Amino acid sequence: VVRWQLSPPQRPLQASAVLRRVSDEHKKEPLASSSQQQFDSHPADHQPGQEPQGPDPSYTGQGSQESEDYESEEQLQHRILTAALEFVPEHGWTAEAIAEGAKALGLSAAAAGMFQSDGSQLILHFLSQCNTKLSELLEQEQKLVQQGEAEKKPIDQFLRDAVEARLRMVIPYLERWPQALSILLMPHNIPSSLSLLSSMIDDILHYAGDQSTDINWYTRRAVLTGIYNTTELVMMQDSSPDFEDTWRFLENRIADAMKMGDTANQVQSTGEAIVQGLMGAAVTIKNLTGLNQRR
Amino acid sequence: KAVIDRIIRVDHAGEFGANRIYAGQMAVLGRSSAGPVIQQMWNQEKDHLKKFNELMVAYRVRPTILLPFWNVAGFVLGAGSALLGKKGAMACTVAVEESISDHYNSQIRTLVEGDPEKYKELLQIIKQFRDDEREHHDIGLEHDAEAAPAYSVLKTAIQLGCKAAIFLSERI
């Protein structure tokens, strides 16, 4: 027990120094990684508060110094950032929030030094979590439809629901969201934020059943990205009950997009009709003037 | 994953381009004696393209943004080579099919060196298509491709274009 009280401040350093090689192998499976290393399931993500305190079954105290925590640096960062989200409404997307998150896990506030000082990593972590949640939600919906337990939604409703679900995840942090967006716009963050945005839009369209393999692949994603971004901006200025103005805006934009597809077809068929009309007129004139006759 | 992405993207672009090349050739030579031969090769390319469309959706690969460009360029190449006559069209076929077979071969090598078990189905498809393209190449030779005007210049130029197209489609 005494050892436990000494180790928390060292943990961030230990994690970096000793376990860098582990971090690549055990990115997403904290439970699996621990079990590979002789310990019982290490409650990495689920009980952040418990770890340094009680007689945790994974740490029977008989292991040697190196086997104390087999958590990779990346998993540790993940846990700290997740814990820090709770403090965002109060402190914003800042190093303070991260420090508070570290403290809530029983780690030293100096752990915040692992991260960039402008809070970008916290925001990107949040975005990535939201996208993962959205993917899981869409995957589950798809399963229900495949098992026949749910109706397949018409595409405009599907898109509307997916965008709404994703935007609702931002609501708890809405007051601080403008700050987040402006940080995301900084040049060094743009590649990451763009990549997260595009993979989210790709996910939505994939589950919506998009099977385009031509230029439509690009136009559809561009249109949906535009709808998402503008709806997000509207949401930030919306003060209606439960954001009903925002959802109505979303519905209208999606309806516009659907119509645009139809309009393109209409323009094309109108163009074809006009050409045919002209050809018909030319042939008629030729007939009238007798040019068509072979004398 | 990135490797598979590139493979499917470039193969899809290639089959799409090949389709357009044969379409261009048919537009000029459709009613000539070479019509049926070209039509048959075109039909096989259509099947190839259909397969890659399916693979693209299954592996969630982004199509190359240059598709509209290959659409036009392929047709122009096909029609242009066909305007040089039947032998010109056959020369174009030989050049393109040789490039494509070599390209499929190097992809097969990459997959085999990587993880042949995991990508068994993809490997099988590419091998089959490689054999088909090889057959097209031989048909082109049988139909006097080598007697085409400026055969070696034509072949070199077309193969250079194919290399550039492959390079770009893998990335963009």
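## A tour of the interface and the chains behind it

Begin by displaying chain B and chain A together: six residue pairs, both at pLDDT 80 or more, are in polar contact between these chains. A polar contact is a pair of N or O atoms within 3.5 Å; within protein, one must be able to donate a hydrogen and the other to accept it, and residues adjacent in sequence count only if both atoms are side-chain atoms.

The model is a predicted one, in which local features need pLDDT of at least 70 and side-chain atom pairs count only at pLDDT 80 or more, while totals for chains, interfaces and linings use all residues. Residues are numbered from 1 along each chain as its sequence is written, chains are lettered from A and ligands numbered from 1 in the order in which they are written, and side-chain values use heavy atoms, with hydrogens and water left out.

**Stop 1: the interface**

Select the residues of each chain that touch the other. Chain B brings 13 residues to the contact (heavy atoms within 4.5 Å), and chain A brings nine residues. About 920 Å² is buried between the two chains, with carbon and sulfur atoms giving 63% of that area.

Next, show the side chains of B:Arg60 and A:Asp203. They form a salt bridge, and their closest N and O atoms are 2.7 Å apart. The term denotes a side-chain nitrogen of Lys or Arg within 4 Å of a carboxyl oxygen of Asp or Glu. Two salt bridges are counted between chain B and chain A. Of the helices of chain B, α2 (35-58) and α3 (67-83) each supply at least two residues of the side that touches chain A. The largest share of that side, three residues, comes from α2(B). By class, the side of chain B that touches chain A has eight nonpolar, three polar and two charged residues. Ala, Val, Leu, Ile, Met, Phe, Trp, Tyr, Cys and Pro count as nonpolar, Asp, Glu, Lys and Arg as charged, and the others, Gly among them, as polar.

**Stop 2: chain A**

Chain A has eleven helices and zero strands; helices (H or I, at least four residues) and strands (E, at least two) are DSSP runs, numbered from the N terminus. Of its 295 residues, 40% count as buried, where buried means under 20% relative accessible area, exposed over 50%, and partly exposed in between (1.4 Å probe, protein chains only). Among contacts in chain A with a separation of 6 or more, 69% join residues 24 or more positions apart.

Select A:Glu251 and A:Arg160, a salt-bridged pair with closest N and O atoms 3.9 Å apart. A:Glu251 lies in helix α11 (residues 244-288) and A:Arg160 in helix α7 (residues 155-168), so the pair ties together parts of chain A that are 91 residues apart in sequence. A:Glu251 is partly exposed at 38% relative accessible area, and A:Arg160 is likewise partly exposed, at 23%.

Staying on helix α11 of chain A, select A:Asp256 and A:Arg253, three residues apart, about one turn of the helix. Their side chains meet in a salt bridge (3.0 Å, N to O).

**Stop 3: inside chain B**

Bring chain B back and select B:Lys155 and B:Glu98, whose side chains form a salt bridge (3.2 Å, N to O). Because B:Lys155 is in helix α6 (residues 151-171) and B:Glu98 in helix α4 (residues 86-114), the pair ties together parts of chain B that are 57 residues apart in sequence.

Move to B:His136, in helix α5 (residues 120-142) of chain B. B:His136 counts as buried, at 0% relative accessibility. Leaving aside residues up to four places away in sequence, B:His136 touches B:Tyr22, B:Met41, B:Gln44, B:Glu45, B:Thr93 and B:Glu97.

**Stop 4: the cysteines**

Over all chains the structure holds zero disulfides, a disulfide being a pair of cysteine sulfur atoms within 2.5 Å. B:Cys92 is in no disulfide, and the nearest cysteine sulfur, that of B:Cys162, is 7.9 Å away. B:Cys92 is buried, with a relative accessible area of 0%. In chain A, select A:Cys130, which is buried at 1% relative accessible area.

Technical notes. Buried area = accessible area lost by both parts, 1.4 Å probe.
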